[in-house]
Amino acid sequence: MKRKRHPGNRPPDGQPSQPRTERGSKRSRISFIVLLVVLALGLLLVGRYRADAPNAFGRWRISQRRLVDAQWWLEWAQRLDPNNAETEFLFARVARRKGEMAEVREHLARAAELQYPLARVEKEQWLAMAQSGQLREAEQHLASLLSENQGDGAEVCEAFVIGLLRHRRFETARELLRVWSADLPHDPQPFFYLGAIEQDQKNWDKAIGFYEKALQEDSKRGDISIAIAKCYLEKKQPTQALEHYRAAAMPDGEQRVPALVGQAHCLRELGKSAEARAPLQQALAIDADDSAANFEIAQVELEAAEFASAINRLAPLVDREPRNHDARFAYAVALRGTGKAVDAAKQFEIVSRARKQLTKATNLAEQMESPDDVEARHDIGAIFLEYGDPEEGLQWLTSVFNYDPNYKPTHRVLADFYAAKQTQSPQCAALAKHHRAMSQE
Amino acid sequence: MPLQKRNPLHKRKPLSRIPAIFLLTIAACLGCHKTQAPAKKEENKATAVQPEKILFLDKTKKSGVSFQFTSGRQADHNSILEWLGGGVAILDYDNDRQPDLLFAGGGDFHDKKIVGAACQLFRHQDSWSYQNVSSWALRVDFSHYNHGCQAADYDNDGFTDVLVTGYGGLILLHNQGDGTFVETQRESRLDDASWSTSAAWADFNADGNLDVYIAHYVNWSFENHPLCKGFGKPDVCPPKRFDPLPDTLYFSNGAGEFQDVSEAVGLRKDGKGLGVVAADLDQDQDIDIYVANDTTDNFLYLNEGDGVFKEVGVVAGVSGDDVGIANGSMGVDVCDFNQDGQLDLWVANYAEEPFALYRSFGGGQFQHVSKSTGINALNGLFVGFGTAFADFDLDGDQDVVVANGHVMKYPPTTNMEQIPLLLRNDNGRRFERAVFEEGNYFARAHLGRGLAAADLDHDGDIDLVVSHLHEPAALLSNGAPAGGQWFRVRLIGRSSNRDAVGAKLVLHTSLGDQLRTVKGGGSYLSQSDLRAHWGVAQGVVVSGLTVTWPSGVQQKLDPPSRNTTTILLEPRRNARRK
């Protein structure tokens, strides 16, 4: 009868622990397993499936909306296999989620080159079109996208919802969100978008209700906590907002920096500027160039009359983001504080002019009585292009061509815009040439 | 009074219509969606739990003051005109040293004809007892829809006159000294027919006579009356649907006539003015002007001497919020909230915009300090109108009250009727929102508009009169905690204008100096008491008073008598000319 070995107990000295034959058998088994692992790793690292594991992780992180993590896994997949079609496809999806449509086109083209199924590439293109607001082109594919979604039903719904929200078609978006929510009742995202719609309509309490439902489904979503915090800030309830920013500032969360900046903002709203420095310093330790963190800490410095320090933060920020009017205004205040009245006046003037123009654009948009008022669309787009968000300006300007493809003033503005960027990419050069030609026809 | 916050990212119109196929695809899956009616919004409740010691007891019923502003809303035009409301002036029109009350009457619509409602004058009889003397004291045809009333002795004859602003023209009520007023705007050449709101009397060109700045609003008329909606229902149009009307400045010649000098002195033409206050904001011995504009930049006109102005609102940091965005500004006041000897500015703004407290650094430079002083943490959204700084609790620093009420029938973010606010000053560092017991005027929601402050019952603390929309005006008796001492000084100018508008008074105490100014205008469409008032905490020693008259004459005086009113006559000297 073999003596049963008690795990963890060494045998008494002088006695063999186990019979030799049994020991050798175990070694063989371990060696075999090690060999198998090495072979598997070898296959993973050098074989055709070597990118599959990081791709799978990437896909999983995309589904969780952890885009930074997803990007990391995909970059690893790309290092293992630089010509992997699936990786390119997933890169395109990440880019779409971020709203970087030029990147989407680039990665999808590459995926197609690498023999990724064309049907899937095409569907992703439709989703990109829907998401960027080109609903006329995308909508005819909605039924097929939903019926043959291959597990991507949520992707389809989300892309169309974003597109609808761009067009402020809230009722239609709500209908689609209900379909989505009915199919995937534990997906937080439909509630998140329902909250966003209510937030846009300034129904803060309803928005908070939807966001809280979303948070019930995924309590780790920092972006949802931040959305709730923003609603409380709109309600002038910074104490409640602060709680939600704190919840969003998880140590490894992707929203840590904005959550820390949000905390600081709330503390300032509560008149506790001195306490706001700590979270801002944490945020800047993670990302020293974060615009919002630099802006907030500069505001703290302005309140403390530390004008020189504020100038050091704001001058590079204004250089980097010339359309950041809030930062420029703070910069002007800081300059004024150091006695540079003339320089300050110049900066104040730039902000004042931009604010007036943006107000004009907003008023034009609100008072536009007919969707085919191309002159108003052009004026709004041109203002946003020069003073506001260029992406928004481009959307307004390109929308002109839905009603008048030959509207020369818009072609002229776009020609100038792309000509200024033509050294950056051949696409810009081509667009500049196209719009110049159209403006002269 | 903006009706919607401006955010370019949130206001885009649909770029294209979604074709029916899209809707059909979704409709195939679902039934029709029903739109829900807007729910009643959460009240703007304060978070503190300790009820306020100051009570502000409602004395309206007892007082015999029965007045309600006529807005004309029954005509259901949803005109922006009917939502501005009216103001109130606290004045001593019969020189009996008792504060009387004059309310702007408003107006009505006969179809689309706009008619005025008479202003009402209430004469003080006894403590919290007033008599309506309008029928014989106001021999005036109030043909215009009227909003504002600014009291001042413009002709230096010893009797307080009143300027009534409104839609269609001004009415200058000249006090005849016999207890009656007659209208003299034609003789006085105050021929401004544009839609006027608030006004400020002050001696801008330092000639010893009161001039007047008149704020104007927008170019609404029934010929320019677009259909606007809120929650799908007809609602009042926001001011951005209309063009601004330029303000006017009239200089007095001292003989009862005025001259429009708006062009000559360099007034801007792009403001939508609702509030105005006049004081020496850069401490250079002349009177400057601050104008609260609705959705456009606020103006700061610094007087360069002899009444020539330079508008510096943006550069001075007082044109908008802390990042330079124009607010919907209504009520306005000046104060020295932190007792640093500089006059700071206060503006009551629209719902999503915090009220603005601008701290003066001197030399006409200001910083928006609403965040650091706790103003941004009011725990609610308020549309602020009438407002006044005063030491309501007699503790030695100036607190502030604001009358609130929305301008939309269906406001998206808060209720139409709103509770008023008392923000208590904590030693010039922070303001705390006071909490009132249920049933108190300050715990109930109103559609507040004009507000004026004065010690109506001579008990040493500052009481309030508030004019509302759709609700009778209220007289509120301050029950400040006993124990504090108070000082009150009335100035009578001789070389300066008789009301001494523009004078600065510094009470020297063992806890530091307390600055007051006799300001022109302030609040919203209303006129508060021109007498300077101080609360001083128990145990604090007052060592003297320094008065700087508008003429430039400076007097250093022994401490005034406490708990009574001191009357000071300006020492004789020729009017200062710069």
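Helices (H or I, at least four residues) and strands (E, at least two) are DSSP runs, numbered from the N terminus. The structure is a predicted model, in which local features need pLDDT of at least 70, side-chain atom pairs count only at pLDDT 80 or more, and totals for chains, interfaces and linings use all residues. Residues are numbered from 1 along each chain as its sequence is written, and side-chain values use heavy atoms, with hydrogens and water left out.

In chain A, A:Asp81 sits in the loop between helix H3 (67-80) and helix H4 (85-98). A:Asp81 counts as buried because its relative accessibility is 9%, where buried means under 20% relative accessible area (1.4 Å probe, protein chains only). Its side chain makes a polar contact with the side chain of A:Asn84 at 3.3 Å. A polar contact is a pair of N or O atoms within 3.5 Å; within protein, one must be able to donate a hydrogen and the other to accept it, and residues adjacent in sequence count only if both atoms are side-chain atoms.

A:Arg120 belongs to helix H6 (residues 118-131) of chain A. The side chain of A:Arg120 makes a polar contact with that of A:Tyr116 (3.2 Å). From C-alpha to C-alpha, A:Arg120 and A:Leu108 are 9.7 Å apart in space, and 12 residues separate them in sequence.

Further along chain A, helix H20 (residues 341-367) packs with helix H21 (residues 374-387) at an angle of about 150°, their axes 9 Å apart. Axes are lines fitted to C-alpha atoms, for helices over the stretch in contact, and angles run from 0 to 180 degrees between N-to-C directions.

Key:
Chains lettered and ligands numbered in written order. Buried < 20%, exposed > 50% of the residue type's maximum accessible area, 1.4 Å probe, protein only.
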